[in-house]
Each structure stands twice: as structure tokens, then as C-alpha cells.
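Student: I have this one open for the first time and would like to go through it slowly. Could you help me get my bearings?

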Amino acid sequence: MLSSRVLLIATTARLVHSRIYSSSRSFMDLKALLCSLNDFASLSFAESWDNVGLLVEPSPPHTVNTLFLTNDLTEEVMEEALQKKADLILSYHPPIFRPMKRITWKTWKERLVIRALEHRVGIYSPHTAYDAAPQGVNSWLAKGLGVCTSRPIHPSKAPDYPTEGTHRVEFSVTHTQDLDKVVSALKEIAGVSVTSFSARADDEEQTRLSLNCTQQALMQVVAFLSQHRQFYQKTEILSLEKPLLLCTGMGRLCTLDESVSLETMIERIKSHLKLSHVRLALGTGKTLESPVKVVALCAGSGSSVLQGTDADLYLTGEMSHHDVLDAASQGISVILCEHSNTERGFLSDLRDMLDAHLENKINIILSETDRDPLHVI
């Protein structure tokens, strides 16, 4: 009898220890979580017009045990998040987009902010950062097409290059001239970095100066050089562009390994998005049996991204009436699935990716009430 009690006590102790250990790994500090989310998909990929990142922050410190994923944060979804004890809501679409002049109970978006703050729930939105990411929404949408190679329609640019300046100014100084005086004068201009290297031109040894300048400093550099004709006449000014990120950017241009009929492609898309109906505009001269080899796609509202792209088919959530007419007149068929239907399914993949990225440190759950507001009846 005594041995069984000892066994029971030991087992209970192990369970208690296990629960303590488990709970110690079941939350993250909000700031640490935000850093990890940015490592997963940098907010620098987002479009300049977008409103991304942490939109609502409870007073610190704030720990996150449960991360709640939704495509749209409506009042119904907020109620679900509160019932499920969410500490941070990741809403793909930013519920705060236009500036708010007041926070009252009058409008539904204001009420979202009030309820979030009252219950100490943060709100984070990645939106177009996830559109552009290599493992993001558009890449997920492309999975439904079949085996294909894809690239961004509008590639993103590296956020951190060039590290200094918007322009590069280069000119040569002969050794007989006062090189130190020129370099010293240029270094006194704010926003200028100077490097030099040896060069040879016209059988004469020279020092080549290369300056990285900000837009504001460029005018001062030009003004200085214009006072020294021997420099200015041979000055080269280059505009510095950040390098393109070949797997990151808006939209995807997908080339199938094997062409399929438009009818087959429609069925693939419906299956991938779990839809019984989509809207179709046939391109001029095209039928359901027409082959599809190249698909240009953009999750959500794709008009501005897809416009002017050469493809057999455009796939997006919504386009304006006139943009559809323009595409069809060029022989490009258009499939519209409603805005959020081209995005929401990504959240299942996102949950799995974040589980791995965050090393299962927090609970990640999907909304069950989030849905597209439009229905076919």
C-alpha cells in the first residue's frame, strides 16, 4: 500500500513538473514575438500605402499565449477571439486603415479597438508584406494551378541597400592636384561618404573618387564640383537602385509545365479554394477548351498588379468592370473568386509555418467565423 502511494506521489510530481515546464514554453513576450514575425516575413516588403505591423498594443509588459489568425477582423470574429482567450490577433487585412479622429462606440472599427484594449488583446496586420513574401499568399494561390514555375510580377527591392545615399558621384583627380584638400571639402558635406582608388587614364596616374550622396547632399556636391571645371567636366552621376529580390514581390506570373484547358484550370482553382462557383470572363476568341500555359495572378484586388501582363489567364479576387473588358479584349480570360476567397485559405498554411518558425512556443488557432461577406445564392 505504501509503495503504491509513493508511486502515486512520484507520478503526480512528474505531471506537475511537466505542466510547469509546458506552461513555461507556452507564451512569448509581445516584443519578442513581433521580432519573430518580422523575421518570418519582413514588414519592409509591404506596399508604401499600406498600414501594417502592430496596430493595437496593450500596455506593456504583454505576453502572448494564444495567437489568433483571421483574414478579416469583424465584430463577430472579435467576439470569437475573446471567447478563445486570444492575446494577439493577427488579422491579414488591417482593421485600422484610414486615420481615426476619435475612439467611440459609434462605428464598428472603433468598437474593435475599444474591445481589444479593454481585454488586453493586441492586433497585428501583415497584409501586403505577406502578399510579397516568397512563402506568402500569392505563392499559396499559385499552388492551385498545378506544377509550374513562378516569379513575382513586380519584384520587391532589397530594403537595406544601398546602405548610404541615393546617388553615386565619380570623378578623377590627378596626383599633381591637391587631393587631400578636395577630399576634406567633400567630407564636410553632410550625407556624403567618400572612397578612392588608383586609376590610369591618358597615360597618367590618377585617383578616382567615388561619393555616395543623399538627394540633399547631391546638390551641394554638384555646386562644389562646378567651381572646379577640371573635375566637373568628367564627373559621372549615377542613380542608385536597390537590387531586386527575385522571389519576393507583388503578384505571380506562373508558367505551367504542361498546358491545360481553361475548363480544367477552372476546376483546379475551385478545388484549391474550396469554391462551388467562380466568375469567368472569356478572352476574345477563347473557349473553355482553349489552352492555358501562362497564368498571372494576384490575391485580393489585382487590377493594378495584373494590368499589362502578358498571360493566357488572369486570376484574382476582384477587378473593375472596365479592367475585365480590357483584359478580355486582348484575348486574356479572367477568373474572379471574390476578394478574400483568394486569401483566406493561406491561413491554414500560415499556422503550420508559424508553428515551426516559433518552435511551438505559443498556441496558434484559426478563426472559425471569418468568411467572405459575399455569397452566391
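Tutor: Before we start, contact here means heavy atoms within 4.5 Å, and please keep in mind that this is a predicted model.

Student: Okay, contacts then: what do the buried residues of α13 pack against?

Tutor: The buried residues of α13 pack against α2 (30-40), β4 (66-70), β5 (88-91), α5 (128-132), α6 (137-142) and β19 (363-366).

Student: And which residues of α13 are buried?

Tutor: In α13, the residues F346, L347, L350 and L354 are buried. They lie on the same side of α13, because the arc they cover around the axis is only 85°.

Student: How many residues does that helix have, and what is its reach?

Tutor: Helix α13 runs over residues 346-357, which makes 12 residues, and from its first C-alpha to its last it reaches 16 Å, close to the 16 Å expected at 1.5 Å a residue. Just after α13 comes E359, with a positive phi of about 55°.

Student: Let me zoom out. Which domains does the assignment give?

Tutor: The domain assignment of the chain gives domain 1 as 26-128 + 343-364, domain 2 as 132-155 + 246-335, and domain 3 as 165-237. Taken over C-alpha atoms, the centres of domain 2 and domain 3 are separated by 50 Å.

Student: Now the sheet with β9 in it: what is the strand order?

Tutor: The order is β10-β11-β9-β12 in an open sheet of 4 strands, and the pairing is antiparallel. At the edges are β10 (192-201) and β12 (236-239), each of which pairs on one side only. On average, neighbouring strands of this sheet are turned by 20° against each other, with direction ignored.

Student: Which helices pack on it?

Tutor: Helix α7 (residues 179-187) packs on the sheet and touches β9, β10 and β11, with its direction at about 5° to that of β11. Helix α8 (residues 215-226) also packs on the sheet, touching β9, β10, β11 and β12, and its direction makes about 25° with that of β9.

Student: How many bridges join β9 to β11?

Tutor: There are 8 bridges between strand β9 (residues 167-174) and strand β11 (residues 204-213), and the two run antiparallel. To find the pairing on screen, you can look for E170, whose bridge partner in β11 is S210, and for T174, whose bridge partner in β11 is Q206.

Student: What about β10 and β11, how do they pair?

Tutor: Strands β10 and β11 pair in the antiparallel sense over 10 bridges, and S193 stands opposite N212 in β11. The hairpin of these strands has 2 residues between them, and D202 in that hairpin takes a positive phi near 55°.

Student: Is β11 mostly covered or mostly open?

Tutor: Strand β11 is mostly covered, with 8 of its 10 residues buried.

Student: Back to α8, which of its residues are buried?

Tutor: In α8, the buried residues are A217, L218, V221, V222, F224 and L225. Seen down the axis of α8, these residues fall within an arc of 160°, so they line one face of the helix. On the other side of α8, Q216 and M219 are exposed.

Student: And what covers the buried residues of α8?

Tutor: The cover for the buried residues of α8 includes β9, α7, β10, β11, α9 (229-232) and β12.

Key: Residues numbered from 1 in each chain as written. Predicted model: local features only at pLDDT ≥ 70, side-chain atom pairs only at ≥ 80, totals over all residues. Heavy atoms only, no water. Pairing = 2+ DSSP bridges. Axes fitted to C-alpha atoms, helices over the stretch in contact; angles between N-to-C directions. Domains from an automatic or database assignment. Buried < 20%, exposed > 50% of the residue type's maximum accessible area, 1.4 Å probe, protein only. Expected span 1.5 Å × (residues − 1). Arc of directions from axis to C-beta.
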